[in-house]
Structures are given as structure tokens and as C-alpha cells.
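Colleague: Hi! I'm new to this one, could you walk me through it?
Modeller: Happy to, let's bring it up on screen.

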Amino acid sequence: SAYIVLCLKPAIQFTIYEQLRLALLKRRAGPGGAANNKMKQLSAAQAFVLGALARAISTLIVYPYIRAKVLTMMKMKIAGKAAEGEANGVERRRRAKRTVWKGGGGRS
């Protein structure tokens, strides 16, 4: 269901962030793979950019499910209002019948 995928969005985002981080660190280390201590960490700005990128990618992955959820909720809301309006219409007809039955003839 769409709700399960939406619950997984933080995990998807974290996985993407970690993969981007590891790819950047490997690239920074060069072909030998021997990185010094400074190369093993990201700066705050780099971590922020990678986090924003990971969030954008995870949102793109999950967006169809978000859209489906919103459309489903709107359909349920519209159906609920229609049922409520139908119930109000039934009550109005009942009152009109009672008025006519009591001899009001529709004048009240």
C-alpha cells in the first residue's frame, strides 16, 4: 500500500545519502583508495548538500505514492460529503411529508 512506501521514505533518504557520501569519499581518496583522516569526513556544507540531494531524490521516488494517497483521501472526502448531503435530503423529504400529512398542505 502507499502508506507502507511513505513510511519507508526516511530509510530511502538515508540509504541514498550514505551511498552518495561513500561515492564522494571514494572519489576523493583517488585510485589507490588510501585516504588520510581528513579525507574520511565531509564538511558541514558538503553534508548539507548531500542531505538535500538525498531528500530530493527520495521525494521523487515516493512522489507517485504521495499523489495516490492524496487522490484517495479526496475521493473519500467527496464520497463522505455526498453521503452526508444525501442524508440531509432524506431528512428534508421526511419533514415535508410530515408537514403535508399533518394538514399543512405544504404551507408552513
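Modeller: One term before we start: helices here are DSSP runs of H or I with at least four residues, numbered from the N terminus. By that numbering, Leu25 sits in helix 2. Please keep in mind that this is a predicted model.

Colleague: Thanks! How many helices and strands are there in the protein?
Modeller: There are three helices and zero strands. Going along the sequence, the pattern reads α-α-α.

Colleague: And what is the average pLDDT of the protein?
Modeller: The average pLDDT is 80, and 69% of the residues score at least 70.

Colleague: Where is confidence lowest, and where is it highest, going by helix?
Modeller: Helix 1, residues 2–7, is the lowest with a mean of 80, while helix 2 is the highest at 93.

Colleague: Good to know. Let's go inside: which residues make up the largest nonpolar core?
Modeller: Six residues do: Ile16, Tyr17, Leu25, Leu42, Leu50 and Ala54. Helix 2 (9–29) and helix 3 (44–101) are the elements that each give two or more residues to this core. The largest share, three residues, comes from helix 2.

Colleague: How far is Leu25 from Leu42, C-alpha to C-alpha?
Modeller: Their C-alpha atoms are separated by 8.0 Å, and the two residues are 17 apart along the chain.

Colleague: What about Leu50, which residues does it touch?
Modeller: Leaving out residues up to four places away in sequence, Leu50 touches Tyr17, Leu20, Arg21, Leu24 and Leu42.

Colleague: I see Arg21 in that list. Which residue does Arg21 form a salt bridge with?
Modeller: Its partner is Glu18, and the closest N and O atoms of the pair are 2.9 Å apart. Arg21 and Glu18 both belong to helix 2 and are three residues apart, about one turn of the helix.

Colleague: How many salt bridges does the count come to?
Modeller: The count comes to one salt bridge.

Colleague: Which residues make the nonpolar surface patch?
Modeller: Leu53, Ile57 and Ile61 make a nonpolar surface patch of about 230 Å². Ile57 is found in helix 3. Its relative accessible area is 32%, so Ile57 is partly exposed.

Colleague: Where is Arg55?
Modeller: Arg55 is in helix 3 too. Its relative accessibility is 48%, so Arg55 counts as partly exposed.

Colleague: Which residues does Arg55 touch?
Modeller: Setting aside residues up to four places away in sequence, Arg55 touches Lys9 and Gln13.

Colleague: Last one: what share of the contacts with a separation of 6 or more comes from residues 24 or more positions apart?
Modeller: Those residues account for 63% of such contacts in the protein.

Note on methods: Residues numbered from 1 in each chain as written. Predicted model: local features only at pLDDT ≥ 70, side-chain atom pairs only at ≥ 80, totals over all residues. Heavy atoms only, no water. Core = buried A, V, L, I, M, F, W, Y, C linked by side-chain atoms within 4.5 Å. Buried < 20%, exposed > 50% of the residue type's maximum accessible area, 1.4 Å probe, protein only. Contact = heavy atoms within 4.5 Å. Patch = residues over 30% accessible without salt bridge, like charges linked within 9 Å, V, L, I, M, F, W, Y side chains within 5 Å. Areas by Shrake-Rupley, 256 points an atom, 1.4 Å probe, with all protein chains shown as cover. Salt bridge = Lys/Arg side-chain N within 4 Å of Asp/Glu carboxyl O. pLDDT = per-residue confidence, 0-100.
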